[in-house]
Amino acid sequence: MAVETMPPLAETAPPRARRESQLALMWRRFRQHQLAVVSLWIVVAFYLVAALAEFLAPVDPAFYSARYTYAPPQGINFIVNDENGWRFQPHVNGYKSEIDPAAMRRTFVIDPEEIIPVRFFAPTEPYRLAGFIPMSVKLMGVENPRDPFYVLGADRLGRDLLSRLIHGTRISLSIGLAGVTLSLFFGIIIGGFAGYYGGLFDSAVMRVIEFIRSMPTIPLWLGLAAALPKDWSALQTYFAITIILSLIGWTELARVVRGRFLSLRTEDFVTAAQLDGASDWRIITRHMVPSFTSHIIAAATLAIPGMILAETALSFLGLGLQPPIVSWGTLLQEAQNIRTLATAPWLLTPGICVVVVILALNFFGDGLRDAADPHGR
Amino acid sequence: MLRFITTRLVAMVLTLWAVSFVAFAIIQLPPGDYLTTYMATLASNGDRVDPAQIDALRRQYGFGEPYIVQYWKWITGILTRGDFGQSFEWKAPVTTLIWGRLGNSILVEGLAVIVMWTIALPIGIYVAVKKYSLGDYLATIGGFIGLAIPNFLLALLLMYLSFVWFGTTIGGLFSPAYENAHWSIPRLMDFLSRAWAPVLVLATAGTAELIRILRANLLDELKKPYVTTARAKGLPEWKVILKYPVRVALNPLVSTIGWLLPALVSSSVIVSVVLNLPTAGPLLLRSLTSQDMYLAGAIIMLLGVLTVIGTLISDLLLAWIDPRIRYGSK
């Protein structure tokens, strides 16, 4: 009946002056937040490093050389100034080693005389990028593999910190993503059920969430991580840690999802779909979820830093990922001792990466959250 | 108010029960139980295993019986005798090991809370009143950095800098001379000369967060008409700010203790490990790596209990300052 009284659409539709899609509106809103845009590029850069780890890292992260224990960072110079005048030649300087008679220890000093040319796109032994793309060049390399090449310094076994940092980026960033994906999975299912059906299940879930959130997390994580068998393989530990992190991580996302469901449940378009006889599943997946996907993405982005921090903290304490795996946490574990730190302060570089990524992800997530609702404010 | 307190107390008892359950689950997680580990250590030391003693222990803890029975024996031991079980690594009852360390934890965390508030209050008020001033921007930038640097990194950095600049290592809470002494003025001075570092490290993230919240709350309040009224009445500016909007803006701040405290306890574990403090954190880590599960379970449980009690205190405090809370939540 109602259909008959409705005027034809064409007459009432407003003139189509400028209509932008929801996505375009969001992008426009997002770009207003300059810090978020810069952060987006930083995050993209870090994930590119993670994806291209084998190509970018000069050497294998496990490659060690006892001759260069705690060798200081060489840095990369681009200009050579010798008797032939100035010329462009990327290079690193070699080391002069001195024996410190008081400490009975070998210390390295950069030797500005010795020039080791650095080649870009240097050929190496064939390897597989990301496990399946066959490659035989690396971004940087020295001509003679026996020459020292420690742009960011070496650790206690003479391993290249830069290469380890690049490979650690892959593990730390991917564990953040994996943890959030898993948390999102639990969060959407549990929070969705609680928000859509409400009632007893909802209050039970809320009590559990409140309880978990009122607990100090690190002791709990430590307790769970300590139970992992020591003889598990790297991959098993990796997944187990991911699961442990999301056991607590799902609560925040479940709260967001539940809140969205609660506020949408009484919206007219949901009632309309119910009256049309749509099934619950269809209402949830076709009508409700698309209307808050952007909010969920924003909340998930904001949850990644917490995951990365948690992994770093656990591995730093020695109960997370175990040493053959390289992550920012296991790298920082090397810097735990004040004596080591005094000899090799460059071992703190992974910490800089942690701080930069955490900040960038936070600003990026804030920008996303503002953009998720382009009509608001 | 009385009704509010009773409901909160009931809720707390339930939470505590849940805490104990989680702690017990963690005790049970590693494969094998305390007895098998104990016997393995005895055997590896070449000691003779006394069957009678093993049997007595088995009966006491209910090993081999269903988990619920073991849990019951464990929890009744704690509640009736204050017995948290045995630490097999230290060969001593758990209780003799933890109380001193837990006291240090409470001391350091309590100081951190006090420092947090004393720094955050004046700065928060200042940046809200002087919005978009240089100080405001500095506080915002500092706040973001404070939030993004993990506590343990800050501790490492502080340790490194003090070593490079002053040639001293910071760490520990007491110098060896005062380690086991009773509290006295010199011991207090010694404690303060060492405790500033961990307290400062622990307080950073919380301070940054408190300033942010206080600034937002206060900015909302400053726009309200009652502030204009107070000003129109000719009150001095400091009185206008401190007497009305600050008091209102403080209320939501008190409720932040609910999540501030878990975060604080959590980060104090890792900071204590870095700075080598005699608190519960390093003991927990050590007991977990050596799978000394009764000790680990007791520490996890007591840290949880501390947090719950702290949260309850903040809730009651909030209800006391702001009567609306009492009526709002049944």
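What does chain B average in pLDDT, and what percentage of the residues score at least 70? Colleagues, the structure before you is a predicted model, and chain B averages a pLDDT of 80, with 90% of the residues scoring at least 70. Among the elements of that chain, the highest mean pLDDT, 88, belongs to helix H9 of chain B, residues 225-232. The lowest, 62, falls on helix H15 of chain B, residues 323-328. Where pLDDT is low, the predicted coordinates should not be read in detail. For the model as a whole, the scores are ipTM 0.80 and pTM 0.82.

Let me turn to the interface between the chains. Here 34 residues of chain A are in contact with 37 residues of chain B. On the side of chain A, two or more residues are given by each of helix H7 (199-213), helix H8 (217-226), helix H11 (280-316), helix H13 (338-343) and helix H14 (349-371) of chain A. The largest share comes from H8(A), with eight residues. By class, this side of chain A has 25 nonpolar, eight polar and one charged residues.

I continue with the nonpolar core. The largest one holds 158 residues, and the members that touch the most others are Leu222(A), Leu284(B) and Ile299(B). H11(A) supplies the largest share of this core, 16 residues. Which residues does Leu222(A) contact, leaving aside its neighbours within four places in sequence? In chain A they are Leu317(A) and Leu319(A), and in chain B they are Leu284(B), Leu285(B) and Leu288(B).

Next, the domains of chain B. The assignment gives domain 1 at residues 2-94 and domain 2 at residues 100-328. Taken over C-alpha atoms, the centres of domain 1 of chain B and domain 2 of chain B are separated by 33 Å. The contact between them involves 22 residues of domain 1 of chain B and 20 residues of domain 2 of chain B. On the domain 1 side, helix H1 (2-28), helix H2 (34-44) and strand S1 (86-87) of chain B each supply at least two residues. H1(B) gives the most, with twelve residues. That side of domain 1 of chain B comprises 14 nonpolar, six polar and two charged residues.

Chain A is likewise divided, into domain 1 (22-51 + 166-372) and domain 2 (73-153). Their centres, over C-alpha atoms, lie 38 Å apart. Four residues from domain 1 of chain A and four residues from domain 2 of chain A make up the contact. On the domain 1 side of chain A, three are nonpolar, one is polar and none is charged.

As to annotation, an unreviewed UniProt entry places the feature "transmembrane region" at residues 106-129, 141-166, 195-214, 253-275 and 295-321 of chain B. In the model, residues 106-129 of chain B are 100% helix, with end C-alpha atoms 34 Å apart. Residues 141-166 of chain B are 92% helix and 0% strand, and their end C-alpha atoms lie 28 Å apart.

Finally, a single residue. Ala249(B) is found in helix H11 of chain B, residues 245-255. Is this alanine, Ala249(B), buried or exposed? Ala249(B) counts as buried because 23 other C-beta atoms lie within 10 Å, where the cut-off is 20 or more. Not counting residues up to four places away in sequence, Ala249(B) touches Leu214(B), Asn217(B), Leu218(B) and Glu221(B). By contrast, the C-alpha atoms of Ala249(B) and Ser267(B), 18 residues apart along the chain, are separated by 27 Å.

Note on methods
Residues are numbered from 1 along each chain as its sequence is written. Chains are lettered from A and ligands numbered from 1 in the order in which they are written. This is a predicted model: local features need pLDDT of at least 70, side-chain atom pairs count only at pLDDT 80 or more; totals for chains, interfaces and linings use all residues. pLDDT is the predictor's confidence in each residue, from 0 to 100. Helices (H or I, at least four residues) and strands (E, at least two) are DSSP runs, numbered from the N terminus. Two residues are in contact if their C-beta atoms, placed from the backbone, lie within 7 Å. Ala, Val, Leu, Ile, Met, Phe, Trp, Tyr, Cys and Pro count as nonpolar, Asp, Glu, Lys and Arg as charged, and the others, Gly among them, as polar. Domain bounds come from an automatic or database domain assignment. A residue is buried if 20 or more other C-beta atoms lie within 10 Å of its own, exposed if 12 or fewer, and partly exposed in between; C-beta atoms are placed from the backbone. A nonpolar core is a set of buried Ala, Val, Leu, Ile, Met, Phe, Trp, Tyr and Cys residues joined through C-beta atoms within 7 Å. UniProt positions are given in the numbering used here, feature names are shortened, and annotations may be inferred rather than shown by experiment.
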